[in-house]
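Please load the structure in your viewer and keep the selection tool at hand. The stops below go one selection at a time.

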Amino acid sequence: MSALSLVALVSLVVAVSAQQLDAHPPQQQHRHWAQICSGNPANKIRGCDRYGCGHFGADRKGGKGKHGGVDVICADGATVYAPFSGQLSGPIRFFHNGNAIDDGVQIQGSGYCVKLVCIHPIRYHGQIQRGQQLGRMLPMQKVFPGIISHIHVENCDHSDPTHVLTPVVPPFPQEDGRWAALCSGNPTNEIRGCDRYGCGYYGAPRRNGKGKHVGVDVICADGATVYAPFSGELSGPIKIFHNGNAIDDGVQIRGAGFCVKLVCIHPIRYHGRISKGQILGKMLPMQRVFPGITSHIHVENCNHSDPTSNLERGKGQRE
(Lines give C-alpha, C1' and ligand atoms only; values in the text may rest on other atoms or scores of the structure.)
Protein backbone atom coordinates (compact mmCIF):
# COMPACT_ATOMS: atom_id res chain seq x y z
CA MET A 1 0.00 0.00 0.00
CA SER A 2 1.37 3.39 -0.98
CA ALA A 3 1.97 6.09 1.59
CA LEU A 4 -0.78 8.20 -0.02
CA SER A 5 -3.29 5.35 0.23
CA LEU A 6 -2.35 4.75 3.90
CA VAL A 7 -2.93 8.42 4.74
CA ALA A 8 -6.33 8.29 3.00
CA LEU A 9 -7.31 5.17 4.97
CA VAL A 10 -6.30 6.70 8.30
CA SER A 11 -8.28 9.86 7.46
CA LEU A 12 -11.34 7.74 6.68
CA VAL A 13 -11.09 5.84 9.98
CA VAL A 14 -10.76 9.09 11.95
CA ALA A 15 -13.77 10.59 10.17
CA VAL A 16 -15.94 7.52 10.84
CA SER A 17 -14.89 7.45 14.51
CA ALA A 18 -15.76 11.12 14.88
CA GLN A 19 -19.20 10.49 13.38
CA GLN A 20 -19.79 7.61 15.80
CA LEU A 21 -18.80 9.79 18.75
CA ASP A 22 -21.21 12.48 17.60
CA ALA A 23 -24.03 9.94 17.35
CA HIS A 24 -23.15 8.15 20.58
CA PRO A 25 -21.23 10.46 22.92
CA PRO A 26 -19.32 8.71 25.72
CA GLN A 27 -20.85 8.71 29.18
CA GLN A 28 -19.76 11.53 31.42
CA GLN A 29 -16.82 10.59 33.57
CA HIS A 30 -18.82 11.02 36.77
CA ARG A 31 -20.09 7.90 38.50
CA HIS A 32 -22.07 10.03 40.93
CA TRP A 33 -24.37 12.95 40.30
CA ALA A 34 -23.66 16.46 41.47
CA GLN A 35 -25.43 18.11 44.40
CA ILE A 36 -29.08 18.67 43.49
CA CYS A 37 -30.22 21.13 46.17
CA SER A 38 -28.48 23.97 48.00
CA GLY A 39 -28.12 23.09 51.67
CA ASN A 40 -27.95 19.35 50.94
CA PRO A 41 -24.44 18.67 49.55
CA ALA A 42 -24.71 14.92 50.11
CA ASN A 43 -28.13 14.57 48.41
CA LYS A 44 -29.54 13.23 51.66
CA ILE A 45 -32.74 11.29 51.13
CA ARG A 46 -35.94 12.09 53.01
CA GLY A 47 -36.70 9.73 55.85
CA CYS A 48 -40.24 8.99 57.00
CA ASP A 49 -42.93 11.46 58.05
CA ARG A 50 -46.70 11.27 58.36
CA TYR A 51 -47.04 11.34 54.57
CA GLY A 52 -44.73 8.39 53.92
CA CYS A 53 -41.05 7.61 53.31
CA GLY A 54 -38.59 8.89 50.72
CA HIS A 55 -36.53 5.84 49.78
CA PHE A 56 -36.97 3.91 46.54
CA GLY A 57 -39.66 1.24 46.75
CA ALA A 58 -41.32 2.67 49.88
CA ASP A 59 -44.98 1.76 50.31
CA ARG A 60 -47.39 4.49 49.26
CA LYS A 61 -50.33 5.50 51.46
CA GLY A 62 -53.52 3.52 51.00
CA GLY A 63 -51.65 0.58 49.45
CA LYS A 64 -51.22 2.47 46.18
CA GLY A 65 -48.13 0.64 44.97
CA LYS A 66 -44.47 1.45 45.62
CA HIS A 67 -42.43 4.64 45.42
CA GLY A 68 -40.97 4.78 41.93
CA GLY A 69 -38.32 7.38 42.77
CA VAL A 70 -36.23 8.86 45.56
CA ASP A 71 -37.02 12.03 47.55
CA VAL A 72 -33.96 14.28 47.97
CA ILE A 73 -34.37 16.72 50.88
CA CYS A 74 -34.69 20.33 49.72
CA ALA A 75 -36.03 23.33 51.62
CA ASP A 76 -38.84 25.32 50.03
CA GLY A 77 -37.37 28.04 47.82
CA ALA A 78 -33.88 26.53 47.74
CA THR A 79 -31.74 26.61 44.59
CA VAL A 80 -31.80 23.43 42.50
CA TYR A 81 -28.86 22.28 40.35
CA ALA A 82 -28.47 19.89 37.40
CA PRO A 83 -27.15 16.50 38.57
CA PHE A 84 -25.45 15.88 35.21
CA SER A 85 -25.08 17.49 31.79
CA GLY A 86 -27.88 16.90 29.33
CA GLN A 87 -30.90 18.05 27.33
CA LEU A 88 -33.92 19.52 29.12
CA SER A 89 -37.52 18.72 28.22
CA GLY A 90 -40.80 19.49 29.91
CA PRO A 91 -42.76 20.59 31.74
CA ILE A 92 -43.30 17.44 33.83
CA ARG A 93 -46.64 17.43 35.63
CA PHE A 94 -46.81 14.86 38.39
CA PHE A 95 -50.07 15.75 40.12
CA HIS A 96 -52.03 17.05 37.09
CA ASN A 97 -54.09 19.30 39.35
CA GLY A 98 -52.27 22.60 39.09
CA ASN A 99 -51.27 22.73 42.76
CA ALA A 100 -48.32 24.82 43.97
CA ILE A 101 -45.75 22.05 43.37
CA ASP A 102 -47.08 20.55 40.12
CA ASP A 103 -44.04 21.34 37.99
CA GLY A 104 -40.77 19.75 36.99
CA VAL A 105 -38.38 18.93 34.16
CA GLN A 106 -36.62 15.99 32.54
CA ILE A 107 -32.87 15.83 31.86
CA GLN A 108 -31.40 13.31 29.42
CA GLY A 109 -27.70 12.95 28.70
CA SER A 110 -24.37 11.63 29.95
CA GLY A 111 -25.88 8.13 29.95
CA TYR A 112 -28.76 9.11 32.26
CA CYS A 113 -32.38 10.18 32.02
CA VAL A 114 -34.19 11.56 35.07
CA LYS A 115 -37.28 13.55 36.01
CA LEU A 116 -36.97 16.15 38.77
CA VAL A 117 -40.39 17.03 40.14
CA CYS A 118 -41.72 19.67 42.59
CA ILE A 119 -39.28 22.24 41.21
CA HIS A 120 -39.70 25.20 38.89
CA PRO A 121 -36.91 25.14 36.27
CA ILE A 122 -35.47 28.29 34.77
CA ARG A 123 -36.33 26.78 31.37
CA TYR A 124 -37.86 23.59 29.98
CA HIS A 125 -35.69 23.13 26.91
CA GLY A 126 -32.06 23.41 25.84
CA GLN A 127 -28.74 22.14 27.13
CA ILE A 128 -27.64 22.33 30.76
CA GLN A 129 -24.31 21.53 32.38
CA ARG A 130 -23.64 19.43 35.47
CA GLY A 131 -23.84 21.66 38.57
CA GLN A 132 -25.46 24.55 36.69
CA GLN A 133 -28.45 26.25 38.31
CA LEU A 134 -31.58 24.47 37.15
CA GLY A 135 -34.32 26.27 39.07
CA ARG A 136 -35.79 26.46 42.56
CA MET A 137 -37.70 24.24 44.95
CA LEU A 138 -41.44 24.89 45.02
CA PRO A 139 -43.43 25.55 48.27
CA MET A 140 -44.20 21.96 49.31
CA GLN A 141 -45.32 23.03 52.79
CA LYS A 142 -48.31 24.79 51.19
CA VAL A 143 -49.54 21.48 49.81
CA PHE A 144 -48.32 19.03 52.47
CA PRO A 145 -47.89 20.91 55.79
CA GLY A 146 -45.26 19.29 58.01
CA ILE A 147 -43.77 17.05 55.32
CA ILE A 148 -40.00 16.92 54.84
CA SER A 149 -39.75 19.14 51.76
CA HIS A 150 -38.01 17.35 48.90
CA ILE A 151 -37.38 16.97 45.18
CA HIS A 152 -38.90 13.83 43.72
CA VAL A 153 -36.14 12.20 41.62
CA GLU A 154 -37.34 9.52 39.23
CA ASN A 155 -35.33 7.69 36.56
CA CYS A 156 -37.09 7.61 33.19
CA ASP A 157 -36.90 3.80 33.18
CA HIS A 158 -38.20 3.63 36.78
CA SER A 159 -34.97 2.08 38.05
CA ASP A 160 -33.48 3.02 41.44
CA PRO A 161 -31.31 6.18 41.28
CA THR A 162 -30.03 5.90 44.86
CA HIS A 163 -26.54 4.63 43.98
CA VAL A 164 -25.75 7.68 41.83
CA LEU A 165 -27.12 10.22 44.29
CA THR A 166 -24.05 10.36 46.50
CA PRO A 167 -21.84 13.13 45.09
CA VAL A 168 -18.11 13.12 45.59
CA VAL A 169 -17.76 15.66 48.40
CA PRO A 170 -14.23 16.55 49.49
CA PRO A 171 -13.76 15.21 53.03
CA PHE A 172 -13.26 17.58 55.89
CA PRO A 173 -9.60 17.75 56.87
CA GLN A 174 -8.63 16.05 60.08
CA GLU A 175 -7.99 18.64 62.76
CA ASP A 176 -6.19 18.55 66.07
CA GLY A 177 -8.19 16.87 68.83
CA ARG A 178 -8.84 20.08 70.73
CA TRP A 179 -11.95 21.95 69.71
CA ALA A 180 -12.19 25.70 69.20
CA ALA A 181 -13.82 27.93 71.80
CA LEU A 182 -17.58 27.36 71.71
CA CYS A 183 -18.77 30.58 73.33
CA SER A 184 -17.64 34.19 73.34
CA GLY A 185 -16.44 35.09 76.82
CA ASN A 186 -15.30 31.52 77.54
CA PRO A 187 -12.08 30.99 75.57
CA THR A 188 -11.14 27.83 77.52
CA ASN A 189 -14.53 26.11 77.22
CA GLU A 190 -14.90 26.22 80.99
CA ILE A 191 -17.41 23.64 82.18
CA ARG A 192 -20.34 24.53 84.41
CA GLY A 193 -19.89 23.59 88.04
CA CYS A 194 -22.80 22.70 90.31
CA ASP A 195 -25.86 24.85 91.05
CA ARG A 196 -29.30 24.11 92.43
CA TYR A 197 -30.30 22.46 89.14
CA GLY A 198 -27.38 20.02 89.06
CA CYS A 199 -23.80 19.75 87.79
CA GLY A 200 -22.33 20.21 84.34
CA TYR A 201 -19.67 17.51 84.09
CA TYR A 202 -20.09 14.28 82.11
CA GLY A 203 -21.79 11.53 84.11
CA ALA A 204 -23.18 13.88 86.78
CA PRO A 205 -26.31 12.48 88.49
CA ARG A 206 -29.55 13.98 87.21
CA ARG A 207 -32.21 15.29 89.57
CA ASN A 208 -34.64 12.78 91.11
CA GLY A 209 -32.34 9.92 90.15
CA LYS A 210 -33.14 10.22 86.45
CA GLY A 211 -29.95 8.65 85.13
CA LYS A 212 -26.62 10.34 84.39
CA HIS A 213 -25.63 13.43 82.42
CA VAL A 214 -24.62 12.20 78.96
CA GLY A 215 -23.04 15.47 77.87
CA VAL A 216 -20.96 18.37 79.14
CA ASP A 217 -22.27 21.87 79.91
CA VAL A 218 -19.97 24.60 78.58
CA ILE A 219 -20.57 27.95 80.30
CA CYS A 220 -22.14 30.52 77.97
CA ALA A 221 -23.98 33.73 78.86
CA ASP A 222 -27.46 34.24 77.48
CA GLY A 223 -27.25 35.93 74.08
CA ALA A 224 -23.52 35.25 73.62
CA THR A 225 -22.09 34.31 70.22
CA VAL A 226 -21.56 30.59 69.65
CA TYR A 227 -18.84 29.18 67.38
CA ALA A 228 -18.31 25.86 65.59
CA PRO A 229 -15.89 23.66 67.57
CA PHE A 230 -14.67 21.93 64.40
CA SER A 231 -15.37 21.87 60.67
CA GLY A 232 -18.29 19.77 59.54
CA GLU A 233 -21.77 19.38 58.11
CA LEU A 234 -24.76 20.84 59.96
CA SER A 235 -28.10 19.11 60.48
CA GLY A 236 -31.09 19.90 62.61
CA PRO A 237 -32.93 21.32 64.36
CA ILE A 238 -32.15 19.37 67.53
CA LYS A 239 -34.90 19.52 70.17
CA ILE A 240 -34.27 17.90 73.58
CA PHE A 241 -37.13 19.37 75.60
CA HIS A 242 -39.85 18.90 72.96
CA ASN A 243 -42.02 21.49 74.67
CA GLY A 244 -41.25 24.62 72.67
CA ASN A 245 -39.66 26.48 75.56
CA ALA A 246 -37.27 29.38 75.00
CA ILE A 247 -34.16 27.15 74.83
CA ASP A 248 -35.51 24.15 72.92
CA ASP A 249 -33.28 24.47 69.88
CA GLY A 250 -29.89 23.26 68.70
CA VAL A 251 -27.90 21.74 65.86
CA GLN A 252 -25.67 18.76 65.07
CA ILE A 253 -22.21 19.02 63.49
CA ARG A 254 -20.52 16.02 61.88
CA GLY A 255 -17.03 16.13 60.38
CA ALA A 256 -13.27 16.11 61.01
CA GLY A 257 -13.68 12.79 62.83
CA PHE A 258 -16.30 14.12 65.28
CA CYS A 259 -20.06 14.25 65.66
CA VAL A 260 -21.65 16.45 68.32
CA LYS A 261 -24.99 18.03 69.26
CA LEU A 262 -24.97 21.59 70.61
CA VAL A 263 -28.20 22.35 72.41
CA CYS A 264 -29.80 25.48 73.94
CA ILE A 265 -28.48 27.58 71.08
CA HIS A 266 -30.12 29.06 68.00
CA PRO A 267 -27.94 28.38 64.93
CA ILE A 268 -27.75 30.74 61.99
CA ARG A 269 -28.74 27.76 59.83
CA TYR A 270 -29.51 24.06 60.24
CA HIS A 271 -27.88 22.72 57.10
CA GLY A 272 -24.73 23.20 55.07
CA ARG A 273 -21.03 23.25 55.81
CA ILE A 274 -19.32 25.20 58.56
CA SER A 275 -15.66 25.75 59.40
CA LYS A 276 -13.94 25.48 62.77
CA GLY A 277 -14.27 28.77 64.67
CA GLN A 278 -16.95 30.17 62.35
CA ILE A 279 -20.00 31.83 63.94
CA LEU A 280 -22.62 29.14 64.48
CA GLY A 281 -25.35 31.10 66.25
CA LYS A 282 -26.22 32.54 69.65
CA MET A 283 -26.92 31.27 73.14
CA LEU A 284 -30.63 31.16 73.99
CA PRO A 285 -32.13 32.80 77.15
CA MET A 286 -31.65 29.98 79.66
CA GLN A 287 -32.42 32.23 82.63
CA ARG A 288 -36.03 32.50 81.42
CA VAL A 289 -36.45 28.75 81.78
CA PHE A 290 -34.13 28.00 84.72
CA PRO A 291 -33.69 31.20 86.80
CA GLY A 292 -30.36 31.26 88.63
CA ILE A 293 -28.75 28.40 86.70
CA THR A 294 -25.25 28.78 85.27
CA SER A 295 -26.20 29.41 81.64
CA HIS A 296 -24.51 26.93 79.34
CA ILE A 297 -24.43 25.08 76.04
CA HIS A 298 -25.25 21.40 76.41
CA VAL A 299 -22.57 19.53 74.40
CA GLU A 300 -23.36 15.90 73.63
CA ASN A 301 -21.41 13.49 71.42
CA CYS A 302 -23.63 11.65 68.96
CA ASN A 303 -22.48 8.30 70.37
CA HIS A 304 -22.99 9.50 73.97
CA SER A 305 -19.28 9.24 74.76
CA ASP A 306 -17.52 11.82 76.93
CA PRO A 307 -16.49 14.96 74.97
CA THR A 308 -14.46 16.41 77.84
CA SER A 309 -11.08 15.42 76.39
CA ASN A 310 -11.74 17.69 73.41
CA LEU A 311 -12.51 20.65 75.70
CA GLU A 312 -10.12 22.68 77.83
CA ARG A 313 -10.21 21.76 81.53
CA GLY A 314 -12.01 24.28 83.66
CA LYS A 315 -14.05 24.87 86.79
CA GLY A 316 -16.49 22.05 87.31
CA GLN A 317 -14.24 19.49 85.67
CA ARG A 318 -13.49 16.69 88.11
CA GLU A 319 -9.83 16.00 88.73
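Contact here means heavy atoms within 4.5 Å. The model is predicted.

Start with Ser235, which is found in strand β16, residues 232-235. Is Ser235 buried or exposed? Its relative accessibility is 19%, and because buried means under 20%, Ser235 counts as buried. Now select what surrounds Ser235: leaving aside neighbours within four places in sequence, Ser235 is in contact with Val251, Gln252, Tyr270 and His271. Draw a C-alpha to C-alpha distance from Ser235 to Val251; the two are 6.0 Å apart in space and 16 residues apart in sequence.

Next, select Gly236 and Pro237. The peptide bond from Gly236 to Pro237 is cis, with omega near 5°, and Pro237 lies in the loop between β16 and β17 (250-255). Then go to Gly90 and Pro91, where the peptide bond is also cis, with omega near 5°. Pro91 sits in the loop between β5 (86-89) and β6 (104-109).

Three bridges join β4 to β10 (residues 133-137), and Val80 stands opposite Gly135 in β10.

Finish with Cys118, in the loop between β7 (112-117) and β8. Cys118 is not a glycine, yet its phi is positive, near 80°. Cys118 is buried, with a relative accessible area of 3%.

Technical notes:
Residues are numbered from 1 along each chain as its sequence is written. This is a predicted model: local features need pLDDT of at least 70, side-chain atom pairs count only at pLDDT 80 or more; totals for chains, interfaces and linings use all residues. Side-chain values use heavy atoms; hydrogens and water are left out. Two strands pair if DSSP finds at least two bridges between them. Helices (H or I, at least four residues) and strands (E, at least two) are DSSP runs, numbered from the N terminus. Buried means under 20% relative accessible area, exposed over 50%, partly exposed in between (1.4 Å probe, protein chains only).
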